[in-house]
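My notes are below the view.

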Amino acid sequence: MITMSDVARHAGVSISTVSHVLNETRVVKEETRRRVLQAIKETGYSHNTIARSLVSGSTRTIGLALSAITNFYFADLVSAIEARAGEAGYTLLLADTHDDPEVELRVVTTLQQRRVDGILLATAAGPRGTALRHLQEAGTPTVLVDRCASPRFDQVGVENVQATADLVAHLAGHGHRRIGMVFGRRGLRTTAERLEGYRRGLRECGLEADDALMAGGNSNADDAERAVRLLLEGPRPPTALVVANNHMTIGAMRTLERLGVRVPGDIALAAYDDFEWAALFRPRLTTVAQPIAHIGGEAVRMLLERIGEPARKPRTVRLAPRLMLRDSCGCATG
């Protein structure tokens, strides 16, 4: 087994110098540091990170707990968070809460048992508070991501209310007066905010909210299919439709295609969440694009600040999304 002594001998330095490079316990000249790292690579030495964590109190790991990892948005968010964490020298431990409060608490507890330095959490739907109370009582450095559920924690997400209102206003600007909405899973903060934005947009355009034009898609494609069918089978179906996330957009498009409903000829369509192939559909999809890389990077930055300064005052960061105007809303974008 290759030892630290072997690395020191290969690099022509002392064992203590190798230790300082590995554990970052003292500044080492850059030339010496490079020589040690090259020796580690050439000898195949594997540093005992568990032993290091016992000494330093840090495992250099971050826990990420969220739901619906198969959702395109969350998959991109995980990628952004992992990239930023890696740049900072941290490893990411990922766990799926399945949007279940009981699972969420188990996941959070397991991550704590793994001695992560901090946790990024997209809170589950349903009765709130158990995992958040547990995290607060334990004093675990935590940042809430995407779903800004409690000002007691650092949290980062996108601005949902006005962005959805702007989407509604854009459809109203095309002459639509019966604008429907397929909203996400109840109990999620993002669902509540996008519904609030939908109602605000109607109100600002002089339109009345109509419950017959709103249907729950439970944040997944299958339920969104049923929701769109329900709306279209009503006595006065919508002429335009806002869908509150990208997973539900897939379900909405399936139903429209199966029913032979033309977009935007028969119904205009606009959706929250952009994805890389939204511009490849025909018609191309009008969407609200979230700054996913910025959200992920900001979440990691805030968590590292919280780890370094546990007593700092919690803060909420809201990032602005971007309206991507394409063809499905009725715009002639060329």
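I am working on a predicted model, where local features need pLDDT of at least 70, side-chain atom pairs count only at pLDDT 80 or more, and totals for chains, interfaces and linings use all residues. Residues are numbered from 1 along each chain as its sequence is written, and side-chain values use heavy atoms, with hydrogens and water left out.

**Whole protein.** I find 12 helices and 12 strands. Helices (H or I, at least four residues) and strands (E, at least two) are DSSP runs, numbered from the N terminus. Along the principal axes, the C-alpha atoms fill a box of roughly 80 × 45 × 30 Å. Of the 334 residues, 50% are buried. Buried means under 20% relative accessible area, exposed over 50%, partly exposed in between (1.4 Å probe, protein chains only). I also checked contacts (heavy atoms within 4.5 Å). Among those with a separation of 6 or more, 70% join residues 24 or more positions apart.

**Helix α6.** This helix covers residues 101–113. Its 13 residues reach 18 Å from first C-alpha to last, close to the 18 Å expected at 1.5 Å a residue. The expected span is 1.5 Å times one less than the number of residues. I list Val 103, Glu 104, Val 107, Val 108 and Leu 111 as buried. Seen down the axis, the buried residues of α6 fall within an arc of 135°, so they line one face of the helix. The arc is that of the directions from the helix axis to the C-beta atoms. The buried residues pack against β1 (61–66), β2 (91–96), β3 (118–121) and α7 (130–138). Glu 102, Arg 106 and Gln 113 are exposed on the face turned away.

I then looked at both ends. At the start of α6, a side-chain oxygen of Asp 100 comes to within 2.8 Å of the backbone nitrogen of Glu 102. Just after α6, Arg 115 has a positive phi of about 60°.

**Helix α10.** The 12 residues of α10 (221–232) should span 16 Å at 1.5 Å a residue, and the end C-alpha atoms are 17 Å apart, which agrees. Ala 221, Ala 224, Glu 225, Ala 227, Val 228 and Leu 231 are buried. Those buried residues of α10 fall within an arc of 165° down the axis, so they line one face. Their cover includes β6 (179–183), β7 (214–216), β8 (240–243) and α11 (246–258). Arg 226 and Leu 230 are exposed on the face turned away. Asn 220 caps the N-terminal end, with a side-chain oxygen 3.1 Å from the backbone nitrogen of Asp 222.

**Arg 326.** This residue lies in the segment after β12 (322–324). Is Arg 326 buried or exposed? At 9% relative accessibility, Arg 326 counts as buried. Its side chain makes a polar contact (a pair of N or O atoms within 3.5 Å; within protein, one must be able to donate a hydrogen and the other to accept it, and residues adjacent in sequence count only if both atoms are side-chain atoms). The partner is the side chain of Asp 274, at 2.9 Å. The backbone oxygen of Leu 285 lies 2.7 Å from a polar atom of the Arg 326 side chain.

**Arg 194.** I located Arg 194 in helix α9 (189–204). Its contacts, not counting residues up to four places away in sequence, include Asn 160, Tyr 272 and Gln 290.
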